[in-house]
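Trainee: Please take one close look at the helix packing here. I would like the geometry, the residues in contact, and the criteria behind each term.

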Amino acid sequence: MNLTRDILDQQVVDRRGQRLGKVDGVILELREGAPPRIAAIEIGPVAVARRMHPRLAAWLQRWLHGHGPRSDGTLRIPWSQVKAIGVDVRVDLIADGTPARAWEEWLRDHVVRRLPGAE
Amino acid sequence: MKKYLQVTLGIFTSIGGFLEVGAIATTAQAGAQFGFRLAWVLLLGTICVIFLVEMSGRLSAVSKHTLQDAMRERFGAGFFLLSTIPGMVVDWLVLASEIGGVALALQLVTGVGYQWWAFPVAIAAWLLMWKGNLGLVENGTALLGLVALAFVVAAVRLHPPLHDLAAGLVPSLPRSDGAGYWFLAVSILGALISPYLFFFYSSGAIEDQWDENHIGSNRFTAIVGMSFGAVLAFGVLTAAAMVFYPRGIQVDRYEQVALMLTEALGRPGLYLFAGALGITCFGAALEVALGRAYVLAQGFGWNYTLNSPPANSARFSLVYTGMIGSAAVLMALGIDPLTLTVFSMALTAVTLPLVTLPFILLMNDRAYMGEYRNGWIGNVAVVGISLLASLIALVAIPLQLLGG
């Protein structure tokens, strides 16, 4: 398996096929006397921003914590919950209620549902 | 039946993405100012867009990824942001132009100024996306858009000299006003080769669950759909070249553009022009707004769909809502729609390689496309034409700004 080719930037879907986000970061565990292994995958805008510039990530994190759902939308999924890697990365989770959906749900409840005909 | 529906997607993509405010405005100006001499640019743009539309359908059918998903996956988050931000800005201007096109069509019919129509038009388009579904949007535009055939009828009735038209298909250098000639040339290319078209088309292919069996009909759809759009655009160019060029009339207002249909078709020509302009621009406005919502949702991995209520895809729905609302503000402020249109088309030409070059890399990637990889002809045509368009636009836009 090739980390950047097969995992990074792939679409992540939950148990029911709902889109959670992209694999925005991969977290490796360094072990003494053994090769590093993947500990988790990370989803969220802060992880994307960290790949551009750390200061951008810090600023974005502060901003997201101060607005809307007060969540930076970061979801770490332990590698043990990654079930399959094909066209999408399938994880053993339900998307609803996770931080990856925090902004989606906040916008749905506070903006979209206040407009007519949103249901 | 399935194949028929697929061709509908093609015709809709063609009407919304090919013949819309940009193509009508730029080809009408080209015909008025240079007669048939820019016809070759129209041909070049059509060839390029046929290749690109075919490629986006094939990419989705084979890789099961939309164009944007594939780009994010293959080129990473940095590239995604780098190409998306300029694309968003340009498409926002294009969207404002399309709203302006519909608003002007309504002004022609009612006499009420276009600024007043900006919000009603935006709300109508928004409601269709908010309440309707993709099928209704596609079929409605494809069917009603046939009124644009009036351009072809007018062109034929004006008895154009066919040898002049044929001579225009051969590339030539301008005899005078070089800056204006090249500026219009790249504006035509930008109007025909619109990146939102490919994002939209490949998203449609994924929503309709294409697979390898669709490759043949996809090629047919791309060729027929885009050629249909091209015939309409040639109609506009021809009518403008017959009506305006001999009299030395420069088209700098949309009301003038309507004259080319009244000349050939009489009073009904005005209504046919308004109908064709209004419907094609309306379809294009939907396509641009949806295309960008798709790009963001796919690039960030959000949930999205047009076939269930907006509450099920809040971020996706808010992107098209925000884009169409803010673009309507620009039009309501009274910015001249024709000027905005031609400039946003030229800007589209500048940004083309940001989409076409990575697209070509994807289409040649064995891991993605396997045995369905691109041939060299498609590669050369797309890379050559889009680089040419971008380079000329980078020179022609400043010259046009300085000169005009």
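Mentor: Axes are lines fitted to C-alpha atoms, for helices over the stretch in contact, and angles run from 0 to 180 degrees between N-to-C directions. The model is predicted, so local features need pLDDT of at least 70 and side-chain atom pairs pLDDT 80 or more, while totals for chains, interfaces and linings use all residues. Residues are numbered from 1 along each chain as its sequence is written, with chains lettered from A and ligands numbered from 1 in the order in which they are written.

In chain B, helix α5 (residues 114-131) and helix α14 (residues 314-332) have axes that come within 8 Å and cross at roughly 170 degrees; helices here are DSSP runs of H or I, at least four residues, numbered from the N terminus. α5(B) is therefore roughly antiparallel to α14(B) (over 145 degrees). Their crossing is right-handed (the near helix is turned clockwise from the far one by less than a right angle). On α5(B), the contact is made by B:Q115, B:A118, B:F119, B:A122, B:A125, B:W126, B:M129 and B:W130. α14(B) contributes B:S317, B:Y320, B:T321, B:I324, B:G325, B:A328, B:M331 and B:A332. Contact requires C-beta atoms, placed from the backbone, to lie within 7 Å. The contact of α5(B) with α14(B) counts 12 nonpolar, 4 polar and no charged residues (Ala, Val, Leu, Ile, Met, Phe, Trp, Tyr, Cys and Pro are nonpolar, Asp, Glu, Lys and Arg charged, the others, Gly among them, polar).

Another packed pair in chain B is helix α12 (residues 254-265) with helix α13 (residues 268-300): the angle is about 140 degrees and the axes are 7 Å apart. The crossing of α12(B) past α13(B) is right-handed. Here B:A258, B:L261, B:T262, B:A264 and B:L265 of α12(B) meet B:P268, B:G269, B:L270, B:L272 and B:F273 of α13(B). By class, these residues are 8 nonpolar, 2 polar and no charged.

Technical notes. Helix = DSSP H or I, 4+ residues; strand = E, 2+ residues; numbered from the N terminus. Parallel < 35°, antiparallel > 145°, perpendicular 65-115°, else oblique. Contact = placed C-beta atoms within 7 Å.
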